[in-house]
Structure formats: C-alpha cells, structure tokens
Amino acid sequence: VRSINGVPVTSKEDILNYLRGDGKGLTRYVVVVDTNGKTREVVYRVTRPARHGHKEATTMEVLYRVCAGLDVHKKTVAACLRGPGPKGTRTEEIRTFGTTTRELLQLADWLTGAGCTHVAMESTGVYWRPVYQILEGRVELLLVNAQHMKPVPGRKTDVKDCQWMARLLEHGLLRASFVAPAPVRELRELT
C-alpha cells in the first residue's frame, strides 16, 4: 500500500493510525497499491449499519459472508467483492478486469484470495463462458438472467450492476439460470 486518500503510508502502523485518526468515520477510501511493479487505485466503500429505531434499521440476514457480483462484457468484467468490515459493517471492493485468460486468472486469484465462496454473474450472449470455466471449481457460481433482477435504481452502469448483484447475492435473493454440467457443455461445443 502506497497511500490512502492521498496520505502516504509505509507500514501497517501507518495504515491503522490513519484509520483511527483522520480516516475515522469515512465511508470511502481510495487506496493506491503497488503490485508486481504496477501501481493502481482500489476503491473501498464501507457501509454502516442503520441506527436502532431508524426507518432503515430493518436488516436482512447475510447468507454468504464473502461474495461477489460480476457484470461480464466482451472486453471487460466489472467485479464487486462484498465482505465483513469493522464493527459489523460490510465492505465493498470494486475492480475491473479484462477478458484475456491472464486477467481472468487474476480475477480468480483475487476472489479466492479474499475468501470468496459465491459469485453471481450477469452477461449478454456467450461472454460468460470463459469466466465461468475459469471460476468453476474455485467458487460456487450463479449465472443470473438480467430480467430476473429488479433494475438498479438510478443510472445504469456496469459498476452499479455488479454492486447490486453482490448485495442481492449476499442475502440469497438471486435465482441461478440452468448451466449444463461440464461434459455436456464440451459436447455441445463440438456440435
């Protein structure tokens, strides 16, 4: 980690001091990380539980502790990973990957490295197939029909779609479409 919200950090203690000090109470953190010599930004969002008695205080049970939503397109895959955060909050990490094999393997490593157990994906056409093949066996996969999800309120973007899918999935509110077993899929590709 190089910086959080523009504040340079060099050690774990620096990160903890920032989160306890100037960064306390924020709901959005922009973290600059250095991976294999490449610098990139990762946006973390922290959602806070509603106060007791507040009109939004009703909570739903979280069925999947760490899960993800993927919006798959021809050249990109927007991914939202949801997991537990500090003090009972839920965190979201959003990343965009390409659709080359190398980048899809990076997506798979990121999801399994974070302890993700369930992934929901939405796709147009057949673009879901390579993503499904790479993730199959690593996580529980749900291929979701876009028509079965209620539309995302407001403007429709890939990031909002993957966030909405991850939120619905963590509460078990998505229904999977039928995907034939691997041997049947391989046979279908030959014919």
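## A buried arginine and its partner

Arg90 counts as buried because its relative accessibility is 12%; buried means under 20% relative accessible area, exposed over 50% and partly exposed in between, with a 1.4 Å probe and protein chains only. Arg90 forms a salt bridge with Glu170, at 2.6 Å from N to O. A salt bridge here is a side-chain nitrogen of Lys or Arg within 4 Å of a carboxyl oxygen of Asp or Glu. Glu170, at 2% relative accessibility, is also buried.

## Basis of the model

This is a predicted model, in which local features need pLDDT of at least 70 and side-chain atom pairs count only at pLDDT 80 or more, while totals for chains, interfaces and linings use all residues. Residues are numbered from 1 along each chain as its sequence is written, and side-chain values use heavy atoms, leaving out hydrogens and water.

## Overall fold

The protein chain has five helices and nine strands, taken as DSSP runs (helices H or I, at least four residues; strands E, at least two) numbered from the N terminus. Their order along the sequence is β-β-α-β-β-β-β-β-α-β-α-β-α-α. Of the 191 residues, 38% are buried.

## Other salt bridges

The count of salt bridges comes to seven. Glu93 pairs with Arg95, with the closest N and O atoms 2.8 Å apart. Glu93 is buried at 9% relative accessibility, and Arg95 is buried at 17%.

Asp109 and Arg138 form another salt bridge, at 3.3 Å between the closest N and O atoms. Asp109 lies in helix α2 and Arg138 in the loop between α3 and β9, so the pair ties together parts 29 residues apart in sequence. Asp109 is partly exposed at 48% relative accessibility, as is Arg138 at 38%.

## Nonpolar cores

A nonpolar core is a set of buried Ala, Val, Leu, Ile, Met, Phe, Trp, Tyr and Cys residues joined through side-chain atoms within 4.5 Å. The largest has 25 residues, and Leu70, Leu107, Leu111, Val119, Met121, Val131 and Leu135 touch the most other members. Elements that each supply at least two residues of this core include β5 (67-72), α2 (101-113) and α3 (128-135).

Leaving aside residues up to four places away in sequence, Val131 touches Leu70, Val72, Val77, Leu104, Leu107 and Met121, where contact means heavy atoms within 4.5 Å. A second, separate core has eight residues, among them Leu142, Met165, Leu168 and Leu169.
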